[in-house]
Amino acid sequence: MTYKDILYVVSTYEAQSISEAAKSLYISQSALSQAIRKLENELGIPLFIRTGTRLEPTRGCDFFVARGRDVLRAWMRFDMDLKQFVQGRQSALTIGLPAAYFANLLPFVLPRYEKAHPEVKVNGLEEPSDTLEKMVMQNTLDFCLVRDPIHTASIATEPLLTTEMLLALPKEHPYCAEHPYQGLEQLEYADLYDLKDTPFALLKHPRIDHMWRPLFAANGFEPLVQRRSRNWNNLRYFVRQGNGAAIIDEIPIRTEPDEGCICYYRISRGNVRRRIMLAFHPDKVFTPQEQEFIDMLREYPTLHKHMD
């Protein structure tokens, strides 16, 4: 059985006529009829019942067409992706990112990428991670960036970056006087237990909430949580106002460190590393332009990459 065999049966099924199907396929009626009979003999079942001028599909044909349409769609996608890959041409790139990455990772890559590929229009879509995973599986996006853990079992993923959560303290906090802040390139380690009496602001997010309890348990105390927010910037505002400490991902910090108001430290105990995953459809074949964009994203200067 070949691709043409599947195409011939599906076209005949949809046209409900040998003559109409033959016209759409640009072959003769006799050639189409002969090809279908040959396939029926190969399968050992009838696909169509011919009664005069009428053509009735059998149950076997219904099953064949349902599966055959999936094969044809997959073949068309494969053919399109392969041609783009071989020819090295792509006019648009559509990627999805959660809000924090949209504002912080894209500006790192876009200027260089657009200079290298002015012919490619990059479309960035900002959505929650769960929505982005669904859009990838619907082939609405070329790929997306999401945090672990992944919620869609069938989606294909690979690690892109490992980032670190940092302790943020207002500059006037006594800890900062005892442990002077040296800048993002010379971060010192802090013992969270020394801050057990300091109010904390923590991010409220389904992909991060699981981190807090074991992190503070590893440091031997239950934090006094005074603020929960879904936005990293709100946590930084809490710290800037002198209200207490926060634990913030390094990516938004690198974009806007607020070093005049905030001191940052690495955390000495507990798991504070998080992976950013590249998520894509399991049938996806990356074009050279897509792969180059991904490689540029991998160059983002995280602490894990440059300080360990």
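## Ser229 and its surroundings

The side chains of Ser229 and Asn234 are joined by a polar contact of 3.0 Å, a polar contact being a pair of N or O atoms within 3.5 Å in which, within protein, one must be able to donate a hydrogen and the other to accept it, while residues adjacent in sequence count only if both atoms are side-chain atoms. This is a predicted model, in which local features need pLDDT of at least 70 and side-chain atom pairs count only at pLDDT 80 or more, whereas totals for chains, interfaces and linings use all residues. Residues are numbered from 1 along each chain as its sequence is written, and side-chain values use heavy atoms, with hydrogens and water left out.

Ser229 belongs to strand E9 (residues 224–229); helices (H or I, at least four residues) and strands (E, at least two) are DSSP runs numbered from the N terminus. With a relative accessible area of 7%, Ser229 is buried, a term that means under 20% relative accessible area, against over 50% for exposed and in between for partly exposed (1.4 Å probe, protein chains only). Leaving aside residues up to four places away in sequence, Ser229 touches Leu202, Leu203, Lys204, Asn234 and Leu235, contact meaning heavy atoms within 4.5 Å. Lys204 lies 25 residues from Ser229 along the chain, yet their C-alpha atoms are separated by 5.2 Å.

## Asn104 in helix H5

Asn104 lies in helix H5 (residues 99–104) and counts as buried at 10% relative accessibility. The side chain of Asn104 reaches the backbone oxygen of Ala100 at 2.3 Å, and, not counting residues up to four places away in sequence, Asn104 touches Ile251, Pro252, Thr255 and Tyr300.

## Packing of H6 against H12

Helix H6 (residues 106–116) and helix H12 (residues 288–298) have axes that come within 9 Å and cross at roughly 140 degrees, the axes being lines fitted to C-alpha atoms over the stretch in contact, with angles from 0 to 180 degrees between N-to-C directions. H6 is therefore oblique to H12, since angles under 35 degrees count as roughly parallel, over 145 as roughly antiparallel, 65 to 115 as roughly perpendicular and the rest as oblique.

Among the residues of H6 that meet H12 are Phe108, Arg112 and Tyr113, and the H12 side includes Glu292, Phe293 and Met296.

## Packing of H1 against H2

Helix H1 (residues 3–15) and helix H2 (residues 18–25) pack at an angle of about 125 degrees, their axes lying 8 Å apart, which makes H1 oblique to H2. Leu7, Tyr8, Ser11, Thr12 and Ala15 of H1 make the contact with Ile18, Glu20, Ala21 and Leu25 of H2.
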